[in-house]
Amino acid sequence: LRTRAVDMMLAVDSVAEVEWVEMCPILRDPFILVAAPSARITGDLKQLALLPCLRYASDLQIGRQIEAQLRRVGTEPSRGFEFTTNQALFAMTAEMGGWAITTALAFLGTPMAKGKLVAHPVPFPRFARRLALHARAGTLGALPARFAEELRVCIQARVLSRVSEELPFLSDDLEI
């Protein structure tokens, strides 16, 4: 935005609030635990420590956010494989019989995850990231707000309609 390489962008918890950026909130996206069906998840952190933990790469915003939450709750699973895409993370989690932390939107938006992974609530205090549309303040008129509303409608129709069926434990945690 600063260099004008883009006029608008979707960003997650990564753009500092400054006066020259207009932010239109889109979605609160909670983190969840996903695991291979063979990994008997009980919600016990000690039990999880016995299973392979797969992670997002630590140079990704999502990876840093997950690692910070794991440290806050006092658990640091052994370091192992790190991945930069949902597809790779989910495929290896299923293949290795392990577990990973991801977001509801990432899980619902990755078709190959269905049937290969089982979603569970995180076994510690819930946390989430926020998705917002960002634009340079005052340069695009009403367009950012209109575009953000269209995104909310699209997410409501295509994603939130599946939450109660596929992630019933979330209740209202995934919200527009």
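Valine 34 of strand S2 (residues 21–35) stands opposite alanine 119 in S6, and that pairing is a handy way into this predicted model. S2 and S6 run antiparallel and are joined by three bridges.

**Strand S2 and its partners**

- S2 is mostly covered, with twelve of its 15 residues buried.
- Nine bridges tie S2 to S7, and these two strands run antiparallel.
- Within that pairing, cysteine 24 has leucine 133 of S7 as its bridge partner.
- S2 also pairs with S5, again in the antiparallel sense, over five bridges.

**Aromatic rings**

- Searching the whole structure turns up four aromatic pairs.
- One of them joins phenylalanine 31 and phenylalanine 127: the ring centres are 4.3 Å apart and the planes meet at 10 degrees, under the 30 degrees that separates stacked pairs from the rest, so this pair is stacked.
- Phenylalanine 31 sits in S2, while phenylalanine 127 belongs to the loop between strand S6 (118–120) and strand S7 (128–136), so the pair ties together parts that are 96 residues apart in sequence.
- Both phenylalanine 31 and phenylalanine 127 are buried.
- Phenylalanine 127 also pairs with phenylalanine 124, this time in a tilted arrangement with 6.2 Å from centre to centre and 35 degrees between the planes.
- Phenylalanine 124 has a relative accessibility of 10% and counts as buried, and the relative accessible area of phenylalanine 127 is 9%.
- Taken together, ring pairs link Phe31, Phe124 and Phe127 into a cluster.

**The largest nonpolar core**

- This core has 45 residues, and the members that touch the most others are Ile101, Phe107, Leu167 and Leu174.
- Two or more residues each come from S2, helix H2 (61–72), helix H3 (86–96), strand S5 (99–103), helix H4 (104–108), S7 and helix H5 (143–166).
- S2 gives the largest share, eight residues.
- Beyond its neighbours within four places in sequence, leucine 174 is in contact with Leu27, Arg28, Asp29, Pro30, Ala104, Leu108, Val159, Leu160 and Val163.

**Helix H5**

- H5 has 24 residues, which at 1.5 Å a residue should span 34 Å; its end C-alpha atoms are 33 Å apart, which agrees.
- H5 bends by about 40 degrees at glutamine 156.
- Its buried residues are Pro144, Ala148, Leu151, Arg152, Ile155, Val159, Leu160, Val163 and Glu166.
- Those buried residues pack against strand S1 (8–12), S2, H4 and S7.

**Helix H2**

- The twelve residues of H2 reach 17 Å from first C-alpha to last, close to the 16 Å expected at 1.5 Å a residue.
- Buried in H2 are Ile62, Gly63, Gln65, Ile66, Glu67, Gln69 and Leu70.
- Their cover includes S2, strand S3 (55–56), S5 and S7.
- Just after H2, glycine 74 takes a positive phi of about 80 degrees.

**Two loop residues**

- Threonine 110 is found in the loop between H4 and S6, and with a relative accessible area of 5% this residue is buried.
- Not counting residues up to four places away in sequence, threonine 110 touches Asn86, Gln87 and Phe90.
- Alanine 137 lies in the loop between S7 and H5, and its 35% relative accessibility makes it partly exposed.
- Although alanine 137 and valine 21 are 116 residues apart in sequence, their C-alpha atoms are 4.9 Å apart in space.
- Leaving aside neighbours within four places in sequence, alanine 137 is in contact with Glu19, Trp20, Val21 and Glu22.

Note on methods
Residues numbered from 1 in each chain as written. Predicted model: local features only at pLDDT ≥ 70, side-chain atom pairs only at ≥ 80, totals over all residues. Heavy atoms only, no water. Phe/Tyr/Trp six-rings, centres within 6.5 Å; stacked < 30°, edge-to-face > 60°. Helix = DSSP H or I, 4+ residues; strand = E, 2+ residues; numbered from the N terminus. Buried < 20%, exposed > 50% of the residue type's maximum accessible area, 1.4 Å probe, protein only. Core = buried A, V, L, I, M, F, W, Y, C linked by side-chain atoms within 4.5 Å. Contact = heavy atoms within 4.5 Å. Expected span 1.5 Å × (residues − 1). Bend = angle between axes of the 7 residues up to and from the residue. Pairing = 2+ DSSP bridges.
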